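This report describes one protein model and its ligand. It begins with strands and then turns to domains, the ligand and the backbone.

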Amino acid sequence: MDSFLIHGGTPLYGDVQIGGSKNAVLPIMAATLLTAETCVIRRVPDLSDVRFMVKILESLGAEVHFAGGTLTIRASAIQGFGDYELIRKMRGSICILGPLVARLQTATVSLPGGCIIGTRPIDLHLKGLAALGAKLTIDSGYIRAEAPRLKGAIIFLGGRAGPTVLGTANILMAATLADGVTLIESAACEPEVVDLANFLSSMGAKISGIGSPTLTVTGVEELHGTDHEVIGDRIEAGTFAAAAAATGGEVVLHGARPEHLTAVLDKLHEAGVRAERTQGALTIKAGSALRPVDVTTMPYPGFPTDMQAQLMTLMCLASGTSVITERIFESRFMHAAELMRLGADISIEGPSAIVKGGRPLSGAPVMASDLRASAALVIAGLAGRGDTRVNRVYHLDRGYEKMEEKLRRLGAKIERVDGE
Ligand code: EPZ
């Protein structure tokens, strides 16, 4: 397993090209199951999660070609069985369930199971499919959904932590081929859901209210192929912004949409970090000193949970105490213990992390645990003194394409080595 070797203390300067959004492209790839025609998806990041979704689509019988950032997918002759060995390794693949039962009238998909940041239930996905008339049975770790024809319904998809991103994606995709009109209330408004809705519309789906908490879908008989470019990855952009701020540098982010980052830029501004919008780019400039901020993660447009770990690293460097409250997932503070190995002073009080910043971070070997926690550790290594070895960076490769190369081009002293 690979590791990153980082020699910290160098401010990051220069330009970075933000890639296509992982969390937009995964459900969009699932949406290609809704048509027998060819779909072309552009600006696709070369990530292990994307390559995994390719394997899953191929296991269902789709023809997939992936080269030069472009995916060509033709799901003309497919079957509806999602194998446990594949699904369990990437829980995002649960979003094949909706398209499969809509297209084939039957689907059997492995229950995804949890992951290190939480139990990751799918009760809302199942509530939505049942409301659309699917007969659901759970047997030996698989969910089986059957419906001669899904029927439009009014569905409230809000859960204990608010809307569900992939739950909204699953039900939205299923509803496009249902008979009649579906109203999805408390739908997720994340930019990635908007991108999926736009992709579906380009396939001939009839969707209104895109970007709002209420989506209205009028079912059609069939959908056709399309050609779509994926939006920029707002979390990759936020991660590089945090790295620029943490190292005291100045980085120009190309390919990110500032309007997708308002809550993150607002918190960075409060922490003393300047962000300037210039011709389609976003320049992040570290201030003279970092100020502590309090933040609570919320559904979009609130502060994203996928930026919580990266902000925690930044607050370790701020002169004062910050309170970071995680309201979306029940155990998303794995990075705190590793940051403490680098000298951070963090205490966990229920859903909140109390970060007493101001002490410099010093390099040490640390262990990546999940995608965004790994990013937080890389930022800590870049900002800290001395050498940091981040082990198990396969977690990073799930969601960041060539991260070490992009950082090296910004002046970082970082290299990928064969790990333990
Ligand atoms: C998506 O996960 C993202 N993944 C996550 O990004 C992101 O953190 C999350 O949305 C929240 O923004 C992809 O898009 C592939 P949810 P998802 O359903 O859809 C609860 C990353 O780092 N819930 O919006 O699985 C759930 O437990 C990853 O890129 C139910 O209770 O998340 C959580 O508390 C990590 N019942 C909350 O809702 C359900 O049926 C939000 O989860 C579904 C979810």
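Two strands are said to pair if DSSP finds at least two bridges between them. Helices (H or I, at least four residues) and strands (E, at least two) are DSSP runs, numbered from the N terminus. The model is predicted: local features need pLDDT of at least 70, side-chain atom pairs count only at pLDDT 80 or more, and totals for chains, interfaces and linings use all residues. Residues are numbered from 1 along each chain as its sequence is written, and side-chain values use heavy atoms, with hydrogens and water left out.

**Strands**

Four strands form an open sheet in the order β6-β7-β9-β8, and their pairing is mixed. β6 (81-82) and β8 (135-139) are at the edges with a single partner strand each, so one side of each has no neighbour in the sheet. The partner of β8 is strand β9 (residues 142-146), joined to β8 in the antiparallel sense over 5 bridges. Within this pairing, lysine 135 has glutamate 146 in β9 as its bridge partner.

Strand β20 (residues 345-349) and strand β21 (residues 352-356) also run antiparallel, joined by 5 bridges. Isoleucine 348 is opposite alanine 353 in β21. The hairpin of β20 and β21 has 2 residues between the strands, and glycine 350 in this hairpin has a positive phi near 65 degrees.

**Domains**

The protein is divided into domain 1 (2-19 + 232-418) and domain 2 (22-229); these bounds come from an automatic or database domain assignment. The centres of domain 1 and domain 2, taken over C-alpha atoms, are 30 Å apart. Domain 1 puts 27 residues into the contact and domain 2 puts in 21 residues, where contact means heavy atoms within 4.5 Å.

**Ligand**

The ligand is surrounded by 23 residues, and the closest are Asp123, Leu124, Thr164, Asp306 and Ile328. A residue is near a molecule if one of its heavy atoms lies within 4 Å of it. The shell around the ligand takes at least three residues from each of domain 1 and domain 2. α1 (22-31), α5 (123-131), α6 (165-175) and α12 (371-383) each supply at least two residues of this shell, and α5 gives the most, with 3 residues.

By class, the shell holds 11 nonpolar, 4 polar and 8 charged residues. Ala, Val, Leu, Ile, Met, Phe, Trp, Tyr, Cys and Pro count as nonpolar, Asp, Glu, Lys and Arg as charged, and the others, Gly among them, as polar.

| Residue | Protein atom | Distance to a ligand oxygen atom |
|---|---|---|
| Arginine 120 | polar side-chain atom | 3.1 Å |
| Proline 121 | backbone N or O atom | 3.4 Å |
| Threonine 164 | side-chain N or O atom | 2.7 Å |

The ligand on its own has 830 Å² of accessible area, and the protein covers 92% of this; areas come from the Shrake-Rupley method with a 1.4 Å probe.

**Backbone**

Most residues other than glycine have a negative phi, and most peptide bonds are trans. Arginine 43 has a positive phi, near 60 degrees, and is placed in the loop between β3 (38-42) and α2 (48-59). The peptide bond from tyrosine 300 to proline 301 is cis, with omega near 10 degrees. Proline 301 lies in the loop between β18 (295-296) and α10 (308-316).

Terms used: A polar contact is a pair of N or O atoms within 3.5 Å; within protein, one must be able to donate a hydrogen and the other to accept it, and residues adjacent in sequence count only if both atoms are side-chain atoms.
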